[in-house]
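Have a look at the picture first, and then we'll pick a spot to start.

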Amino acid sequence: MLLERDNELSAMNRFLDDVRGGEGGILVLEGPPGIGKTALLDAIDDRASQGGIEVIHARASQLDRGFSFGVARQLFERLVRDAGTEEREVLLRGVARDAMSTLGISGDRADGDAEMRSLHGLYWLAANLAGRGPLVLCIDDAHWADRSSLRWLLYTAPRLRSLPLGIVIATRPTEPGAEQDLLDGLMLDDSATVVDLQPLSSAAVGALIETYLSAITAPEFEAACHHSTGGNPLLVRELLRQLRAEGAPPTAEQANRLESFGLETVARNVRRRFHRLGGRAEAVARAVAVLGDRATVIEVASLCDCDEMEVRAAVVDLVATDLFAANTSLAFVHPLVRAAVYEEMAAVQRQALHHRAATLRDPTSD
């Protein structure tokens, strides 16, 4: 259910109409994890296909960061390899032939500036593909895309206006290690439309509750569900799936229990992000989970056995990966995220941290 996405869908429809009319451009879907970027990419795929627009997909990953033109190869390699002899000749006619070595199809290396020839060759390959009919290239998780592919997208961007060729990228506003300068360049291009996805309202969360649980929702339950998830569609869905599995009705009595539900899926996502950030960030997050929203940098540093500068650096990374809220005291972005971090700790570790935290705040308690 694409609730409260009318503005986003309108921007998407205008973008597709422009591509169909021969005026390409860029559409950027930006937002934190779980906000619904991939769902909108699916909607673009459906509406484009219905309108006679070909769509080619790629999804960046952390492994792509060290793989030159990894995203570009996802988009084009199999398509060119699977093409018949005549079709391949059409796709690779002219300068587009310089893209062959980039896609691993030819062992020949271009003379001169190899990277520039690769960028230009890939652009002409995309242009030749669009010559068969309107085309949209969709790149999900672009914050993990390799630098070479992003350079190619940035090279292609100012050349889209006269082509029935559109580029859609889904990305996060901040991600440690992202090639942010190139992503910013794409968003600042004259042809780019940036859509900033917002959390769902309490009313939208209420509509999802009634859909998933097939019951009339108590106002207290709706408010608690919205508060627990921050209106993040992924967290709302996972919470409601767990509630449905438990057979829990959306009553006022159930409202106080919501933070204990839906934790496993959230915990898996948290573990993946901790793995990228390293042990220091995980230790800081666990300390804040124990100390609560009143935690100070000094207290966290004491619990983690590190200095304040290390804590502050870890907090920057935790904010960038949407585990901590920005522009606030030390606090998790959602209560469910805090609960997931807290429950992931072994009981003996929680007990030890609670004991040390109590000692920090009241030395006489030891």
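Start at arginine 147, which is partly exposed, with a relative accessible area of 33%. (Buried means under 20% relative accessible area, exposed over 50%, and partly exposed in between, using a 1.4 Å probe and protein chains only.) Before going on, a word on what you're looking at: this is a predicted model, where local features need pLDDT of at least 70 and side-chain atom pairs count only at pLDDT 80 or more, while totals for chains, interfaces and linings use all residues. Residues are numbered from 1 along each chain as its sequence is written, and side-chain values use heavy atoms, leaving out hydrogens and water.

So who does arginine 147 pair up with? Its partner in a salt bridge is aspartate 181, with the closest N and O atoms 2.8 Å apart. (A salt bridge is a side-chain nitrogen of Lys or Arg within 4 Å of a carboxyl oxygen of Asp or Glu.) Arginine 147 sits in helix H6 and aspartate 181 in helix H7, so the pair ties together parts that are 34 residues apart in sequence. (Helices are DSSP runs of H or I with at least four residues, strands are runs of E with at least two, and both are numbered from the N terminus.) Aspartate 181 is partly exposed too, at 45%.

Now hop over to helix H10, where glutamate 238 and arginine 241 lie three residues apart, about one turn of the helix. Their side chains meet in a salt bridge at 2.5 Å, N to O. Glutamate 238 counts as buried at 14% relative accessibility, whereas arginine 241 is partly exposed at 37%.

Another salt bridge joins arginine 356 and aspartate 305, at 3.2 Å. This pair links distant parts of the chain, 51 residues apart: arginine 356 is in helix H16, and aspartate 305 is in the loop between helix H13 and helix H14. Across the whole structure, a search finds 21 salt bridges.

(Lys and Arg count as positive and Asp and Glu as negative; His and the chain ends are not counted.) The backbone oxygen of threonine 321, though, lies 2.9 Å from a polar atom of the arginine 273 side chain.

Finally, step back: the protein has 16 helices and five strands, and 51% of its 366 residues count as buried.

Technical notes: A polar contact is a pair of N or O atoms within 3.5 Å; within protein, one must be able to donate a hydrogen and the other to accept it, and residues adjacent in sequence count only if both atoms are side-chain atoms.
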